[in-house]
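Student: Could you walk me through this one slowly? I'd like to know what the words mean before we get to the details.

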Amino acid sequence: MDRELNGAMRNVSINGAQLNGHNNGGIGGQDETDRVGVAQGGGAVLSATAAAATTTTATKSASAAATNVAKATATTNSTHSPQQIALLSAAEKSKMVYELCQQLLLTDEQVQELCYRILHELRRGLAKDTHPKANVKCFVTYVQDLPNGNERGKFLALDLGGTNFRVLLIHLQENNDFQMESRIYAIPQHIMIGSGTQLFDHIAECLSNFMSEHNVYKERLPLGFTFSFPLRQLGLTKGLLETWTKGFNCAGVVNEDVVQLLKDAIARRGDVQIDVCAILNDTTGTLMSCAWKNHNCKIGLIVGTGANACYMERVEEAELFDAEDPRKKHVLINTEWGAFGDNGALDFVRTEFDRDIDVHSINPGKQTFEKMISGMYMGELVRLVLVKMTQAGILFNGQDSEVLNTRGLFFTKYVSEIEADEPGNFTNCRLVLEELGLTNATDGDCANVRYICECVSKRAAHLVSAGIATLINKMDEPTVTVGVDGSVYRFHPKFHNLMVEKISQLIKPGITFDLMLSEDGSGRGAALVAAVACREDIIKSKK
């Protein structure tokens, strides 16, 4: 299969006409993106097989498609002076917006091609010989056991991933019941850029204070450690920091085992007894949190500020994993699929707006997939389209604003708010536009703004769905639950339905799936990883 995909991946013919003719239905009725696709299209869609037979290079034809759409739009715009555009009817202006946005709508052929490419990259990450150069790293988490509902007792969780960190005490009880208490602690700026010893001493002090406040000071408790920085994991309780991000620059931590640094800090105090049982990222925690209630949960997904997924893989497929227990057939893989496309694999569906986002980001050329999906960039993608249309005189009579022209000020929450308006109602849209300093919007402008939001969010949902469907098909289990967390999935009014519909189209016949909203993956999930590790230790000690 790898040989088949390498260099000669399924080739799909994608042209401007097919882009215009794309039609994706929405659950419970069509949104504006569907209506436009039907109105402008009408041609038969090539099957993937037929398309493969008619094209030699998918990337070239796809790039040409995007270029053709952009040229068509540019031509349409160039034939009208600003004065002429001002005289166009609302319907004519809407058509111009629709034409530009077709490059943001993925055809069925493009989505199918994405699935093949994602599978190819997953296999490169899993294989020992291709892993070093793979973009989708597929890191081994060393988690082999999922919750079975029999975990009992008190567990601590430490959630470190930003300028604050959380400490949680979770008491797992019968009947999937639990009690949870938590507290957020600040990390002063001087500690964020001080020494590693200072940082972990501060964390250990806060852990001690927390245990004292919650009357477990004298108890010996297991702890799960969510560490949301780039980590090279070498075991369930061993992980080396690759590099600091998010404003941290603590000396003496890079390439060191952060679990050991935490243990050393706890030992220096000598006043509390804590067993660090596991280190994990938030995606793993999301899966574990859902698996405690739903034992079919085998995939964890984050669609928030970032984008990532993890899944249960067969041990023989994970070539970098040295299995200790031959009876355990699976291991959890952290895909780190936000970097998919960094090698150009996504160029055939990237647009001028994606390239603009990338060029102006803090990490050009990196996290390509994430930049097309996540909440950090979704609002900015919409803003770039709005600016282009406004400068052409198509939106708002060409009247822009300082806020609209400022990068990062069209927040992703605006996309969710605008799409939450009922059809024909623009209450939220007008409130958002007022915040942007755009007070002269017509109903036609509002409809166009909503359509642009729908195109961007639908594309994000379809990109994620291609990834999840690929994982489900690769796992090839009859029933799979996907545990999902993140602000985009949690708050966007249509994201869940868009995903369910698209995944249903892409998975093998006979497989069923569902999407389950996670509850506090980085907190409760971390405690559950510790709980499962303790459960397994008890089982081993009894043998």
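Tutor: Helices (H or I, at least four residues) and strands (E, at least two) are runs assigned by DSSP, and they are numbered from the N terminus. This is a predicted model, in which local features need pLDDT of at least 70 and side-chain atom pairs count only at pLDDT 80 or more, while totals for chains, interfaces and linings use all residues. Residues are numbered from 1 along each chain as its sequence is written, and side-chain values use heavy atoms, with hydrogens and water left out.

Student: OK, so how many helices and strands does the chain have?

Tutor: The chain has 21 helices and 13 strands. Of its 543 residues, 56% are buried, where buried means under 20% relative accessible area, exposed means over 50%, and partly exposed lies in between, using a 1.4 Å probe and protein chains only.

Student: Let's take α10. How far does α10 reach from its first C-alpha to its last?

Tutor: Helix α10 (residues 196–213) has 18 residues and reaches 26 Å, close to the 26 Å expected at 1.5 Å a residue; the expected span is 1.5 Å times one less than the number of residues. Its buried residues include Leu 199, Phe 200, Ile 203, Leu 207 and Phe 210. Just after α10, Asn 215 takes a positive phi of about 60°.

Student: Which other residue has a positive phi although it is not a glycine?

Tutor: Cys 138 is one, with a phi of about 50°, and it lies in the loop between α8 and β1 (139–140). Glu 336 also has a positive phi of about 50°, and Glu 336 sits in the loop between β11 (330–334) and α13 (352–359).

Student: Is Cys 138 buried or exposed? And what does Glu 336 count as?

Tutor: Cys 138 is buried, with a relative accessible area of 2%, whereas Glu 336 counts as partly exposed at 31%.

Student: New topic: how do α15 and α18 pack?

Tutor: Helix α15 (residues 375–391) and helix α18 (residues 443–475) pack at an angle of about 140°, with their axes 10 Å apart. That makes α15 oblique to α18, since angles under 35 degrees count as roughly parallel, over 145 as roughly antiparallel, 65 to 115 as roughly perpendicular and the rest as oblique. The axes are lines fitted to C-alpha atoms, for helices over the stretch in contact, and angles run from 0 to 180 degrees between N-to-C directions.

Student: Which residues in α15 meet α18?

Tutor: Met 378, Leu 381, Val 382, Val 385 and Leu 386 in α15 meet residues of α18, among them Val 449, Ile 452 and Val 456, contact meaning heavy atoms within 4.5 Å.
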